[in-house]
Structure formats: structure tokens, C-alpha cells
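Here is a short briefing on one protein chain.

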Amino acid sequence: MYKCIYCNADIIEKSNEHIIHSALGSSLQSNRIICKECNNYFSTKESGYIDNKFVEQFVVIRNLLNIKSNRGKMPPVIKKLEHEGSAILLEPGGRFAYQKSKREEVKDEEGNIQFNISAPNLEKAKEQLEHVKKQYGKGFSSLDAVLRKTYINQPINLKLIIGGEENTKAVAKILYNFIHYLDRESIITLPSIDWSNVQNYLRYSQDPDNKDTGIDYVNPIPYSIPEEDLANYVFISGSEQQKLIYGHVIVFGHITFSAIIHSEYEGADFSYGVRQPVDNKQEQIFLELKNQKFNPDVIRDKERYLEVNIEGMRNSLNKILKIYTERARKEEQDRIISKAMSEVFEGYDGAYITKEHIQKLSSKIAEDFVNWRYRIDTDSSIDLEK
């Protein structure tokens with residue numbers, strides 16, 4: 001029977017613990033490292049909601065990149081945004097939408113009623129139409145609807161605040177989980193180690209001024225991560241010479257943290273890691289990584305390394321935004337081509353593409369591309385009843 005790594009009690013009732021947070025797209029988990037009581041504890045106010053608060057730091061990135069949890073749950077919609085006096089929201093994938101529908105009632109001199117309805121999407125427009133039908137009946141002399149393609153033409157401020165006590169605990173917890181996952185999956189064999197310091201810090205909220213965790217763009221990681229890679233990484237190392245067990249947590253391939261989880265280590269050197277892609281459930285364990293010398297001052301003397309870490313974070317976020325921009329551009333271009341193909345060949349059963357098809361297709365793609373590229377608002381009539 002395994003013992004809980006947080007309270008040392010026997011694990012009688014198994015409880016799954018994610019090594020990397022599920023909301024970041026990870027599926028790597030174990031039911032051999034934590035008891036149910038301790039697992040529940042980390043979801044309570046008493047623990048500081050450290051898991052939730054760690055994930056919430058990256059909500060903007062999760063939204064832009066449309067990163068689902070390993071259970072397929074969509075990233076949250078970002079609300080409380082404003083554009084030109086109207087409330088807007090950011091839907092998964094970085095798509096802006098107006099938050100509320102509007103319905104304006106206008107009467108002419110003869111008493112005829114006209115409704116002007118605007119809505120963030122077709123579903124909301126249909127809801128408004130149903131409200132009008134219930135209020136005035138289903139008889140309409142005319143019903144005109146347009147689908148308007150509009151663009152955000154002013155900067156939108158999206159806040160991203162990374163750090164804080166919950167963050168430091170969450171990073172240490174990931175590394176602490178990972179080393180015990182490796183041990184209990186027989187990937188490594190840990191010597192007898194007194195974990196009371198990290199247990200007291202994570203489980204019982206002692207030593208609140210822990211300084212052994214922080215943003216770290218100074219210490220090298222034992223693996224070369226491609227710039228376009230958005231996977232989550234965890235690396236754990238033990239150094240007999242430095243008497244340290246330390247590790248790195250890399251979120252979305254670019255945002256890096258380090259932590260020391262033991263400072264009196266006397267066992268053999270080791271270094272392992274895991275790569276968890278955000279778009280599938282197949283993690284990759286790295287074996288026999290190069291053990292690199294770790295500079296603990298980077299996280300213990302944060303002021304000394306503040307400037308370089310801030311610059312590293314800025315560069316990392318810019319790289320992630322660049323990846324998002326390229327993805328969004330390709331998705332929109334694919335949508336333009338798909339839409340044009342559908343419209344040009346609707347109802348056509350012929351075996352060959354004619355010159356007329358090519359001309360229409362070229363014209364349609366060019367028109368939609370120019371409108372998108374130069375952010376030109378466009379209207380197209382639609383049948384809202386259908």
C-alpha cells in the first residue's frame with residue numbers, strides 16, 4: 001500500500017492527482033501519490049486554491065490558443081471587456097463578440113412598427129426574433145436580416161498577471177508530484193528522504209516566506225524546446241554535489257519557472273523530464289537527461305535577477321502571441337477558401353471545373369481576403385427564419 005506524499009497516511013481510497021494541471025491540457029496523472037483527503041484539501045479556500053489560481057494566470061493564453069482541458073472542457077470566455085462603449089467578450093480561439101443583444105422599436109407616422117435587432121451571433125438574433133413573435137404575433141410584412149462582418153479597430157487591453165504565493169506553491173507542487181510519480185512508476189528509485197519541509201509548506205501552509213521558487217530565465221533547462229512548441233514540460237533533477245533536488249516547469253513551451261524542493265539531498269545524480277502536448281493525451285517521458293549545474297540564487301535573490309527574468313517573460317509572451325497570430329491567420333484564410341468553394345459550387349454536380357467557376361472562385365476569394373486583410377466591414381443578406 002502506498003502512502004500519501006503530503007500527509008504520510010496510507011492511501012486507502014485512491015484519488016487521481018494530475019501531475020500537470022488538467023486545465024493546461026495535461027492528462028498525466030497518478031492515483032498512487034495522494035490520499036483523497038489531501039486531494040480535496042487543495043481545492044479548498046484553506047489551501048489558497050493554489051491549483052486554480054495557477055491556471056487562472058494563463059486564462060488569456062488558454063483562450064487565444066483554444067486550449068481545452070484533457071476532459072475536453074473549453075477554456076473560459078473572457079468578459080468585462082469594452083470596445084467603443086459596448087461590452088464585448090473574448091470567445092475561445094481569440095474571437096471577439098458583442099456581449100449583449102439590442103432591440104430598437106421604431107414607429108412610423110402610420111403606426112407601423114419596425115424593429116432593429118442587433119445580436120452578437122445568429123443564435124442570439126433568433127432569440128430576439130422569438131421575443132418579438134411572442135409579443136406581437138407571427139405576422140410580419142417583411143423580415144430583412146444581414147450578417148455583418150465587423151472588426152475590432154481599437155486596442156483591447158488583456159491583463160496577464162503572473163506570480164504570487166499561490167504560483168510558487170503550485171510550481172513546487174508540480175515538481176513534488178512528478179518526482180513521486182517517477183518513483184512509484186518505477187522509473188527512478190528514490191533513497192530515503194525527509195520530505196517534511198516541502199510537506200509543511202504545501203500541505204500545512206508553514207514557511208509562507210518560501211523563496212525557493214520563482215520565474216527563471218537564467219538557469220538552462222536540460223532539453224532544447226522548439227520555438228513553435230506549445231507543450232507543457234516538467235524537468236526534475238537531483239545533484240549530489242550541490243545537495244539539491246530542483247526542477248523546471250515550462251508552461252506552453254515558453255513560460256518558465258524553477259523550484260528547489262529539497263536542499264539536503266545525498267543520493268545519486270538524476271535528471272528526468274516529461275513533455276505533455278496540449279492537443280493530445282500522449283505524454284513523453286525523457287530518460288537520462290544531462291544533469292546541469294543549478295544556480296539557486298536566481299530564485300532566492302529575485303531582485304538581483306529581476307530584469308533578466310522580466311525580459312525573458314516578455315520575450316516568451318511575444319513568441320506565444322506570434323504563434324497565435326499565425327494560427328489565426330491560417331484559420332481565417334482556410335475559412336475564406338472553404339466559404340468561397342461552398343458558394344461557387346453549391347448545387348453543382350458536374351464532373352469538371354469550368355473557367356466560369358475559376359473566375360467566380362478567384363473573385364470571391366480575392367474579395368473576402370481584401371475585406372479581411374484591410375478590415376473592411378461587410379454585410380450579407382441572410383434568411384433568419386432558416
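In this predicted model, Asp368 and Lys339 join their side chains in a salt bridge, with 3.8 Å from N to O. The partners sit in distant parts of the chain, 29 residues apart: Asp368 belongs to helix H9 (residues 355–373) and Lys339 to helix H8 (residues 306–344).

- Lys339 is partly exposed, and its relative accessible area is 32%.

- Asp51 and Lys173 form a salt bridge through their side chains, at 3.1 Å from N to O.
- Buried or exposed? Asp51 and Lys173 are both buried.
- Lys53 pairs with Glu166 in a salt bridge, and their closest N and O atoms are 3.6 Å apart.
- Because Lys53 lies in helix H2 and Glu166 in helix H5, the pair ties together parts that are 113 residues apart in sequence.
- Lys53 is partly exposed, at 35% relative accessibility.
- Glu166 also counts as partly exposed, at 26% relative accessibility.

**Charge across the protein**
- Side chains of opposite charge can pair when their charged atoms come close.
- The protein carries 52 positive and 57 negative side chains.
- The centres of these two sets lie 2 Å apart.
- The salt-bridge count is 23.

**Fold and overall form**
- Nine helices and 15 strands make up the secondary structure elements counted in the protein.
- The radius of gyration is 27 Å, whereas a compact globule of 386 residues would have a value near 21 Å.
- The C-alpha trace spans about 90 × 50 × 45 Å along the principal axes.
- Of contacts between residues at least 6 apart in sequence, 63% join residues at least 24 apart.

**Burial and surface**
- How many of the 386 residues count as buried? The share is 42%.
- The accessible surface is about 22700 Å².
- Carbon and sulfur atoms account for 47% of that surface.

Notes
Residues are numbered from 1 along each chain as its sequence is written. This is a predicted model: local features need pLDDT of at least 70, side-chain atom pairs count only at pLDDT 80 or more; totals for chains, interfaces and linings use all residues. Side-chain values use heavy atoms; hydrogens and water are left out. Helices (H or I, at least four residues) and strands (E, at least two) are DSSP runs, numbered from the N terminus. The radius of gyration is taken over C-alpha atoms; the globule rule is 2.2 Å times the number of residues to the power 0.38. Buried means under 20% relative accessible area, exposed over 50%, partly exposed in between (1.4 Å probe, protein chains only). Contact means heavy atoms within 4.5 Å. Accessible areas come from the Shrake-Rupley method with a 1.4 Å probe; for residues, only the protein chains shown count as cover. Lys and Arg count as positive and Asp and Glu as negative; His and the chain ends are not counted. The place of a charge is taken as NZ of Lys, CZ of Arg, CG of Asp or CD of Glu. A salt bridge is a side-chain nitrogen of Lys or Arg within 4 Å of a carboxyl oxygen of Asp or Glu.
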